[in-house]
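Please report on the two-chain model below.

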Amino acid sequence: MATIESPMAGKVFQILVKVGDAIAEDDEVIILEALKMENPIFAPEDGIVKEIVVKEGQQVADGDVLIVLE
Amino acid sequence: MELFQNMWAAMAFDNLYWGHFVMWAIALTFVYLAIKKGFEPLLLLPIAFGILLVNLPSDIMEPNQGLLWRFYHYGEEWAVIPPLIFLGIGAMTDFGPVIANPRTLLLGAGAQGGVYVTFFGALALGFSIDQAAVIGIIGGADGPTTIFLASKLAPEMMGICAVAAYSYMALVPVIQPPIMKLLTTEAQRKIRMKSLRKVSKLEKIFFPIITVIVITLVVPDAAALMGMFCFGNLLRESGVVERLSLTAQNELMNIVTIFLGISVGATMPAEVFLSPKVIGVFVLGSVAFAASTACGIGLAHLMNLFSKEKINPLIGAAGVSAVPMAARVVHKVGSEADKKNYLLMHAMGPNVAGVIGTAVAAGMFLSVLK
């Protein structure tokens, strides 16, 4: 089971996928805001979204799990 | 008829000359850039209005009586406002990335190389040694530090050097990327950096305290800027005086920015501003800024020669103290090479270290020259 982790500290600005979505490697899954910059987070591999761990507006730290894939 | 003549004499039209019109045009251009282009509007707009006011015939900058002169005298000449701005910046700054990766302190220092390159360049071009120091410090792209140093060494250069420093801050996304791409290979830009470790609250509290002790002992003339900077940071990290921290970051910062902007603008009357030296300042300032960018990247390459864990050399460019613009630019250039490379927080290390670096460089100039 793979996870998508936050590559840096920031705030979840927008979640672009839903539970059950099939996603491909390099799809944008979340927009993370840090220092007033909107940074897309990309899927590391193909998979199906099993769980979205964070909510929009939530602060996350470097390495926090954002999304669980299966 | 006589009445009419008297009225005319009381008006100020006779005192205008062509230089004033040029300065009005410059002020209006700045207003345009601030409003339409969003170029540092918080500063550029007050500066522009100050320029306009001082280039209208009035006593507004008359020593001991003009309103803007008083702002200028008690704010900048007494060097009160730049340290207050540093207090606010300190309260806004998260030193986490520096503490997690202390090597970045070196990069913040290395990027000050451009300051010294330009210092000698300006000397060679015939500027006085005090003026050369102020022009060099533009390379740090730090407005408050530039104003602080100018107030101590070359007050006549303050306005123009401040405008140059703030211009290069606004032009970071234009000036830096070509230099960054020239000095790095595609493969180097793709280097991904290891996640930053978590930094404890205790470390964050001790960082400003230790920093201010060390820097003040080594460079006593940086004490005003660094003292306020570290104090602001301690307010932030202590977690018990949120009101003070927020006031330093917001209300106080905004208040002093108003006084700073309008009175810096007022240091640019036509007679001073319209001289060939001004062009020299802008050219040398851009050399300083470009050289600082290059020095930072060069030092990052050098560090990679000696260390196992490679850093992405792009983050060296963030050693100039334009926070957080320079870090954003690093992130952008890095993600152009590899879209899954997130350099933003890694670049914040050298970036906040650069603020310290520029303040220290200013302190060193002061200790040698004053």
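In which crossing, left-handed or right-handed, does helix 20 of chain B pass helix 21 of chain B? The crossing is right-handed. Handedness here means that the near helix is turned from the far one by less than a right angle, anticlockwise for left-handed and clockwise for right-handed.

## Basis

This is a predicted model: local features need pLDDT of at least 70, side-chain atom pairs count only at pLDDT 80 or more, and totals for chains, interfaces and linings use all residues. Residues are numbered from 1 along each chain as its sequence is written, while chains are lettered from A and ligands numbered from 1 in the order in which they are written.

Helices (H or I, at least four residues) and strands (E, at least two) are DSSP runs, numbered from the N terminus.

## Helix 20 against helix 21

Helix 20 covers residues 325-337 of chain B, and helix 21 covers residues 344-369 of chain B. Their axes come within 8 Å and cross at roughly 140°. That makes helix 20 of chain B oblique to helix 21 of chain B. Axes are lines fitted to C-alpha atoms, for helices over the stretch in contact, with angles from 0 to 180 degrees between N-to-C directions. Angles under 35 degrees count as roughly parallel, over 145 as roughly antiparallel, 65 to 115 as roughly perpendicular and the rest as oblique.

From helix 20 of chain B, the contact uses B:Ala326, B:Ala327, B:Arg328, B:Val330 and B:His331. They meet B:Leu344, B:Ala347, B:Met348 and B:Asn351 in helix 21 of chain B. Contact means C-beta atoms, placed from the backbone, within 7 Å. The residues of this contact divide into six nonpolar, two polar and one charged. Ala, Val, Leu, Ile, Met, Phe, Trp, Tyr, Cys and Pro count as nonpolar, Asp, Glu, Lys and Arg as charged, and the others, Gly among them, as polar.

## Helix 15 against helix 16

Helix 15 (residues 223-238) and helix 16 (residues 242-249) of chain B have axes that come within 8 Å and cross at roughly 135°. That makes helix 15 of chain B oblique to helix 16 of chain B. The crossing is left-handed.

B:Gly232, B:Leu235 and B:Arg236 in helix 15 meet B:Leu244, B:Ser245 and B:Ala248 in helix 16 of chain B. By class, the contact has three nonpolar, two polar and one charged residues.

## A covered helix

Helix 9 (residues 129-137) of chain B is mostly covered, with seven of its nine residues buried. A residue is buried if 20 or more other C-beta atoms lie within 10 Å of its own, exposed if 12 or fewer, and partly exposed in between. The buried residues are B:Gln131, B:Ala132, B:Ala133, B:Val134, B:Ile135, B:Gly136 and B:Ile137. Their cover includes helices 8, 10, 11, 19 and 21 of chain B.

## Sheets of chain A

Four strands of chain A form an open sheet in the order 5-4-2-7, with antiparallel pairing. Strand 5 and strand 7 of chain A each have a single partner strand, so one side of each is left without a neighbour in the sheet. Strands pair if DSSP finds at least two bridges between them. Strand 2 (residues 10-15) and strand 7 (residues 59-60) of chain A are joined by two bridges. One partner pair is A:Gly10 with A:Val60. Strand 2 and strand 4 (residues 28-34) of chain A pair over four bridges. There, A:Gln14 stands opposite A:Ile31.

Another open sheet of four strands in chain A has the order 1-8-6-3, also antiparallel. Its edge strands are strand 1 and strand 3 of chain A. Three bridges join strand 1 to strand 8 (residues 65-69) of chain A, and A:Thr3 stands opposite A:Val68.

## Between the chains

The contact takes 10 residues from chain A and 11 residues from chain B. On the side of chain A, strand 5 (residues 37-42) gives the largest share, three residues. The chain A side divides into seven nonpolar, two polar and one charged.

Most residues other than glycine have a negative phi, and most peptide bonds are trans. A:Asp26 has a positive phi of about 75°. A:Asp26 lies in the loop between strand 3 and strand 4 of chain A and is partly exposed, with 14 other C-beta atoms within 10 Å. B:Asn64 also has a positive phi, about 70°. B:Asn64 is exposed, with 7 other C-beta atoms within 10 Å.

The peptide bond from B:Val323 to B:Pro324 is cis, with omega near -10°. B:Pro324 sits in the loop between helix 19 and helix 20 of chain B.

Conventions. Contact = placed C-beta atoms within 7 Å.
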